[in-house]
Amino acid sequence: MKLETFIEQRNRKLGVVSSKEAWAIPNAYEEFAEKLYKHDWALTLTLKQTYLVTTDRGTYLKRLTFEDCQYIGNRFLARFNRLAYKHKFKRNNKQVKAIWAIENGGWKRRFHLHFAIGRLPKWHNNLQFIGQAITDIKKHVEELDTVKDIRHIYSKGWNGYLTKEIRAHRYNNFYIEH
């Protein structure tokens, strides 16, 4: 199939008239993410390939799916909010500002989650708290495997990194918790 034909088919699926409009969609996501809030911390978490499922007939290993990754990301953020805000999370619905994306594992690669987190309370806005919080969360969210990276965000480049899957025209893996 010629590249032009492939691009035209993709644009029809997206409901876009031209290639220029198709490439404007990821840029719009990135600009929107930048305007929402200044996120202070970047996290990359890898997930296990399989997880243990127990039924009345026994136990077996199940392969991780995209829907499981959505559930794991939401559980991670709920636990993180509970650790950061304690009772204010339950009573006043205080939450961290977060943008996160699921990056597909593909062939011989694991699923992993990228987070940009902001609006932490000032007494918890440090690397030591985030590392300890992730260690505590891993006890409750068994599907988390390793922490690849925890960094302080100094530039706007992380938003572009979060939206790189959108550039590949997979729109269902970008989440905003504000």
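Analyst: We begin with accessibility: a residue is called buried under 20% relative accessible area, exposed over 50%, and partly exposed in between. By that scale Arg-110, at 37% relative accessibility, counts as partly exposed. Please keep in mind that this is a predicted model.

User: What share of the 178 residues in the chain do buried residues make up?

Analyst: Buried residues account for 41% of the 178 residues. The accessible surface of the chain comes to about 11100 Å², and carbon and sulfur atoms hold 52% of that area.

User: How many helices and strands does the chain have, and in what order do they run from the N terminus?

Analyst: There are seven helices and seven strands, and from the N terminus on they follow the order α-α-β-β-β-α-α-β-β-α-β-α-α-β. As for contacts in the chain with a separation of 6 or more, 70% of them are between residues 24 or more positions apart.

User: How many salt bridges does the count come to?

Analyst: The general idea is that a side-chain nitrogen of Lys or Arg must be within 4 Å of a carboxyl oxygen of Asp or Glu, and by this rule the count comes to three salt bridges. In one of them Glu-143 pairs with Arg-75, with the closest N and O atoms 3.2 Å apart. Because Glu-143 lies in the loop between helix H5 (127-140) and strand S6 (144-152), while Arg-75 belongs to helix H3 (residues 66-85), the pair ties together parts that are 68 residues apart in sequence.

User: Are Glu-143 and Arg-75 buried or exposed?

Analyst: Both Glu-143 and Arg-75 are buried.

User: Where do Asp-145 and Arg-110 lie?

Analyst: Asp-145 is in strand S6 and Arg-110 in the loop between strand S4 (97-103) and strand S5 (112-118), so this pair ties together parts that are 35 residues apart in sequence. Their side chains meet in a salt bridge at 2.1 Å, N to O. Asp-145, at 22% relative accessibility, counts as partly exposed, and so does Arg-110 at 37%.

User: By about how much are Lys-139 and Asp-136 separated in helix H5?

Analyst: The two residues are three residues apart in helix H5, which means that about one helical turn separates Lys-139 from Asp-136. They form a salt bridge whose closest N and O atoms are 3.9 Å apart. Lys-139 is exposed, with a relative accessible area of 59%, whereas Asp-136 is partly exposed at 25%.

Methods:
Residues are numbered from 1 along each chain as its sequence is written. This is a predicted model: local features need pLDDT of at least 70, side-chain atom pairs count only at pLDDT 80 or more; totals for chains, interfaces and linings use all residues. Side-chain values use heavy atoms; hydrogens and water are left out. Helices (H or I, at least four residues) and strands (E, at least two) are DSSP runs, numbered from the N terminus. Buried means under 20% relative accessible area, exposed over 50%, partly exposed in between (1.4 Å probe, protein chains only). Contact means heavy atoms within 4.5 Å. Accessible areas come from the Shrake-Rupley method with a 1.4 Å probe; for residues, only the protein chains shown count as cover.
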